[in-house]
Amino acid sequence: MILYKQFGLSARDAAEITADVVEIIKRKLDDERAVEFLKSRYSGDKLLFAILMIGRITGMSLALQDIEKARMIVADFSRLVKILEEKGREELVKTLEKEILEETYAEEELRKGYA
């Protein structure tokens, strides 16, 4: 089935959402501004579709523009798959939570000017 139809959207809905996503990427909005922009325009399945499209288009764009960064992302994903396969989902969740919190802490320290 065509992706936008799985979300119960029309072709026009999908086109408008994708146009917004392209604009977000072109304007290089940071995550906070991109999320606020999308939340101000969409909700429910339209918002879910928009977020999925951001991930897909950003990933394709990144792969085309920066091969080395794309390789790093694939390597990191491979590391996560290995944790899942060897240690299970619970260990993967613990690892991801730890990494997310470490990243959040580092960002907060940068904002405060400590790093």
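In which helix does Asp31 lie? Asp31 belongs to helix H3, which covers residues 31-41, helices being DSSP runs (H or I) of at least four residues, numbered from the N terminus.

This is a predicted model, in which local features need pLDDT of at least 70 and side-chain atom pairs count only at pLDDT 80 or more, while totals for chains, interfaces and linings use all residues. Residues are numbered from 1 along each chain as its sequence is written, and side-chain values use heavy atoms, with hydrogens and water left out.

The protein chain has 6 helices and 0 strands, a strand being an E run of at least two residues. Of its 115 residues, 22% count as buried, where buried means under 20% relative accessible area, exposed over 50%, and partly exposed in between, with a 1.4 Å probe and protein chains only. Asp31, with a relative accessible area of 66%, is exposed.

A search of the whole structure finds 8 salt bridges, each defined as a side-chain nitrogen of Lys or Arg within 4 Å of a carboxyl oxygen of Asp or Glu.

Asp13 is buried at 19% relative accessibility, whereas Lys46, at 33%, is partly exposed. Asp76, Arg79 and Glu99 are linked in a network of salt bridges, and within helix H5 Asp76 and Arg79 are separated by about one helical turn.
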